[in-house]
Amino acid sequence: MTSTSPTAGDPVASTPTAAQPGSALADAANGLVAGLLTVGLSTLVAALLEGVGRTGGQAAPIAAVSSAFVDRTPPWLKDLAIAAFGTNDKRALLVGVVVVLAALCALIGVLARTRLTAALVAFSALGAAGVAAVLSRPDASLLDAVPTLLGTVVGLWFLRRGTRAVDDVGADNPARRLLLGAAAGGSAAYVGGLLWGGSAAATASREAIARAPARATKISVPAGADLRISGATPFIVPNDDFYRIDTAIVVPRLNADEWRLRVTGMVEREVEIDWNTLQDKPMRESLVTLTCVSNEVGGDLVGNAVWTGWPVRELLAQAGPRLGADMVLQTSADGWTCGTPLTAMTDDRNALLAVRMNGEPLPFEHGFPVRLVVPGLYGYVSACKWVTELKVTTFAEDVGYWTPRGWSAEGPIKTSSRIDVPRSGATVPAGRVAVAGVAWAQHRGIAEVAVQVDDGPWEPARLAADASIDAWRQWVLDWDATPGSHTLRVRARDMRGTLQSADVRPPAPNGAEGLHTVTVRVE
């Protein structure tokens, strides 16, 4: 005869009993804490291994799962995320992953009350998914899976242990103390992992570079390059305001003293340089406007800065590209790649191994210690942050990260312009109104900008001083505004005579087209 009461050591009755008040909440909390312990311990152990240089990939499970999701994101979904969240798209993804994981863990906790074995299997499946995501990252090794495996084992232990007596989270009993203690431990481990993962050595190396004098051939920015129109984007965008678009869920924090860059592939000789070698090279400053291919017409994923670095053509010349090579595959410390035309990195443009941005060491978010800046090309085919390898190859042999995901192999920047003021939907007083903004056509330069009011004639705008063909140009039109609703649109022409396209096209596969248009009310 089979007993319907729990046997010794079995936390679950063979026949489910009615849940006591609050038990479902307690069970959900039990599952949540099991998940928190897993994630917290995994993150802490991953950070410890990274700190001693024992990991090659991305060992923290939340970051690995998010990165794996990004890898499988089609262009339309990428554009949708950027349109909805802007440069906060990665934060939104992390929040989404955490919310889904929390919901699954809560459901597993509830399931464990009556189906413990099934709950343990489901929890193990979550852990296995985390391990798979970790191992899918570039340069991952079996050691990278250890943090997630260890965290999953601890989570399974707690899920089984906590299910034994958690019926009322409000009671002052050992189960409640276990739950609260585990929650505190998991939270502390997670925070500790994040803080340790910040890499004190990387921060110290950047601070030391900031204190050292910057030796470089300086540029002179014409006084008239910034029109200083109220509300308009400044000619040089401060580092804190500069847009950031990349696939790094967790920003790599590299120690400059340990950084290396290798030139490999179709070369006469492979070359490797370290930070000290690079610092001894003759540096130069260059004004370059960077543009993201995901920038919508009128969007803000574009910015101008003074970059300091060593021309990458000098490094490639040391390696000696072989006949037939036409592409350089750039690789980041986090495994991201982009394919850049070899000619763009070896001609007379100021393609730099950049180490400073607006006079400061590169911010971690913008590629410290070294990144590539290549004028005239969208960032997805040129602007590799945290660069560690340059492989001289061919477009037939290799592809960058975004090419197999629906984006063009080559991405020259299109002639574009934007109205900064007045903003669309704004109300302005009748009379003289400054219509102002920026226009860009990197490595070709802007020759003219014109503004159309309603269906009237195109009126030439006044251009700011031309600081560089690789930098955007500000413009302004003094408009005699009359009462009523009005539509303003802008277009630019580059120095090669190409007029900005009025055809409306989305960012994919090689950059948006169309004329930026705003509607304002004059009173």
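Trainee: How many helices and strands does the chain have?
Mentor: This is a predicted model, in which local features need pLDDT of at least 70, side-chain atom pairs count only at pLDDT 80 or more, and totals for chains, interfaces and linings use all residues. Residues are numbered from 1 along each chain as its sequence is written, and side-chain values use heavy atoms, with hydrogens and water left out. Helices (H or I, at least four residues) and strands (E, at least two) are DSSP runs, numbered from the N terminus. Counted in that way, the chain has 11 helices and 19 strands.

Trainee: What percentage of the residues of the chain count as buried?
Mentor: A residue is buried under 20% relative accessible area, exposed over 50% and partly exposed in between, with a 1.4 Å probe and protein chains only. Of the 523 residues of the chain, the buried part comes to 50%.

Trainee: What distance does helix 4 reach from its first C-alpha to its last?
Mentor: Helix 4 covers residues 89-114, which is 26 residues.

Trainee: Which residues have the most contacts inside the largest nonpolar core?
Mentor: A nonpolar core is a set of buried Ala, Val, Leu, Ile, Met, Phe, Trp, Tyr and Cys residues joined through side-chain atoms within 4.5 Å. The largest one has 83 residues, and apart from it lies another core, of 21 residues, among them Val433 and Ile446. Inside the largest core, the residues with the most contacts are Val263, Leu278, Trp307, Leu315, Leu353 and Leu390.

Trainee: Which element gives the most to the lining of the second largest pocket?
Mentor: On a 1 Å grid over the protein atoms alone, a cavity is a set of points where a 1.4 Å probe fits but cannot get out, and a pocket is an open set with protein on both sides within 12 Å along at least five of seven lines; lining residues have an atom within 4 Å of a point. The second largest pocket has a volume of about 670 Å³, and of the 35 residues that line it, Lys78, Asp89, Lys90, Ile245 and Asp246 are the closest to its centre. Asp89 and Lys90 are also among the buried residues of helix 4. With six residues, the most is given by helix 3.

How values were computed: The expected span of a helix is 1.5 Å times one less than its number of residues. Grid points are joined across faces, edges and corners, and a volume is the space filled by probe spheres set on the points.
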